[in-house]
Amino acid sequence: MKVGFIGTGSMGSLLIDAFLSSGGLLAGDVIASNRSPQKLARLAQLHPGITLAGSNGETASRSDILFLCVKPMEFKTLTDEIAHCLRSEQIVVSITSPVQIYHLERALPSKIAKIIPSITHSVYSGTSLCVLGSRLEADDKEQLLKLMSHIGTPVEIYEHHTRISSDFSSCGPAFLSYFIERWIEAAAEATGIDQALAGKLAGEMLLGTGKLLTEGEFTPQQLQDRVAVPGGITAEALNHLRCSLDGVFERLISTTHKKYDEDVAKLDSLFGRDGIHQNK
């Protein structure tokens, strides 16, 4: 099986690295193309044995599964470029959330899926969000989910939940890292604690908390109740957080959804579809 990657930037290269280091793919299974020869050369140095294609069309025609790892507004140009190179039995996977299944099923003859990865796949963790198009057969779905299971936990979702699901699985590491960064900076300024030590404590805490929520059968509320003894230090600090963060998460969701809807509208225009997208 040949797995192709068009676009080897931040997420494209992360997926290749993760699939190869996890054993999900062998170097000989991978074919890649990129408009930057320098990025391809670096990729080949890191992973001897992968195939570097001379064009996106070559990657498309030679792949059984093809990952499209380009920016949203580059998709129409890319699909125009590769459509004639693709066949109905191939599987094309977009990793870009605003690109809708109907955009790609309209533009390409292949079976279509959308899989939103996460930076956490670099340590074989986190969830990949899977939206599976209508042309996929049962064995196609099994093949895709098995491949993604090498680098994380694939979760099938409705396409209209792509944005909110991505807020947790894909944007979440950045949101939590910002919270932790500000907490560490405040702690260092207030107490003089070494920031590297505070970072290690915070990282181990996040790892353990994640396990409690995924393996320990705790809900977030149950975990708070277990740690925050009434009248204690944690409970008092939690009350402060509740007041300080009032409305923050609602505004966060509003912000991510507004940008997402703007991008979908632009893609609707590029792909020749007027009006609001069909999942709303």
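In which loop is G133 found? In this predicted model, G133 is placed in the loop between strand 7 (127–132) and helix 6 (138–148), where helices (H or I, at least four residues) and strands (E, at least two) are DSSP runs numbered from the N terminus. Residues are numbered from 1 along each chain as its sequence is written. Because the model is predicted, local features need pLDDT of at least 70 and side-chain atom pairs count only at pLDDT 80 or more, while totals for chains, interfaces and linings use all residues, and side-chain values use heavy atoms, with hydrogens and water left out.

The secondary structure of the chain consists of twelve helices and eight strands. Along its principal axes, the C-alpha trace extends over about 65 × 45 × 35 Å. Of the 280 residues in the chain, 41% are buried; buried denotes under 20% relative accessible area, exposed over 50%, and partly exposed the range in between (1.4 Å probe, protein chains only). Among contacts in the chain with a separation of 6 or more, 64% come from residues 24 or more positions apart, a contact being defined by heavy atoms within 4.5 Å.

The domain assignment divides the chain into domain 1 (3–159) and domain 2 (165–251), with bounds that come from an automatic or database domain assignment. The centres of the two domains, taken over C-alpha atoms, are separated by 33 Å. At the interface, nine residues of domain 1 are in contact with five residues of domain 2. The size of an interface is often given as the accessible area lost when the parts come together. Between domain 1 and domain 2 the buried area is about 440 Å², and carbon and sulfur atoms give 58% of this value; buried area is the accessible area (1.4 Å probe) that two parts lose on being put together, summed over both. The side of domain 1 that touches domain 2 has five nonpolar, four polar and no charged residues. In this classification Ala, Val, Leu, Ile, Met, Phe, Trp, Tyr, Cys and Pro count as nonpolar, Asp, Glu, Lys and Arg as charged, and the others, Gly among them, as polar.

T162 is located in helix 7 (residues 162–169). This residue is buried, with a relative accessible area of 1%. Apart from residues up to four places away in sequence, T162 touches S97, K114, I116, L129, V131, I157 and Y260.

G133 is likewise buried, at a relative accessible area of 5%. Leaving aside residues up to four places away in sequence, G133 touches I101, E105, I112 and A113. G133 and I91 lie 42 residues apart in sequence, with a C-alpha to C-alpha distance of 9.9 Å.

E217 is situated in the loop between helix 9 (195–214) and helix 10 (220–227). E217 is exposed, with a relative accessible area of 72%.
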